[in-house]
Amino acid sequence: MVRNCKTEEPVWAKYITEENLPTDDLKFLCSIIGLEATKKLMFNAAGQKFSIHAHCNQKYKKQYIIDNFDGTKYTINKLVLACETTTRYVYKVIKEFVEGEK
């Protein structure tokens, strides 16, 4: 369900600081996206539950590998580092892509 986001902060929002955020989850979120974005989530998504799965980025990594693979050992090593994966995984992605094109 998509809600309309509130554009103005409530007057009491100035009392919210990184140090006094009420939960470790909000403190962690704040360390990644900053206080202003965290406050926007607090005002607009209170009561919502979010789940970011461990493999949520896989399809994007796969597409990056497919788009940037040229078969050279140098590029394979660059892909491994960029995608924080293994050589074996790069070859697996390319194999699946090639077999899918047939």
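Biologist: By class, what residues make up the lining of the largest pocket?
Modeller: This is a predicted model, where local features need pLDDT of at least 70 and side-chain atom pairs 80 or more, while totals for chains, interfaces and linings use all residues. Numbering runs from 1 along each chain as its sequence is written, and side-chain values use heavy atoms, without hydrogens or water. A pocket is an open set of points on a 1 Å grid where a 1.4 Å probe fits, with protein on both sides within 12 Å along at least five of seven lines, and lining residues have an atom within 4 Å of a point. Its lining has ten nonpolar (Ala, Val, Leu, Ile, Met, Phe, Trp, Tyr, Cys, Pro), three polar and two charged (Asp, Glu, Lys, Arg) residues.

Biologist: Which helix gives the most to that lining?
Modeller: Both α1 and α2 supply at least two residues each. Among the 15 lining residues, D25, L26, L29, L41 and F50 are the closest to the pocket's centre. With five residues, the top contributor is α1.

Biologist: How are α4 and α5 oriented to each other?
Modeller: Helix α4 covers residues 73-83 and α5 residues 87-101, helices being DSSP H or I runs of at least four residues. Their axes, lines fitted to C-alpha atoms over the stretch in contact, lie 9 Å apart at about 105 degrees. Angles of 65 to 115 degrees share one label, so α4 and α5 are roughly perpendicular.

Biologist: Which residues of α5 make the contact with α4?
Modeller: Contact means heavy atoms within 4.5 Å. From α4 come K73, I76, L79 and V80, and the whole contact divides into five nonpolar, one polar and one charged residue. On the α5 side are T87, V90 and Y91.

Terms used. Axes fitted to C-alpha atoms, helices over the stretch in contact; angles between N-to-C directions. Parallel < 35°, antiparallel > 145°, perpendicular 65-115°, else oblique.
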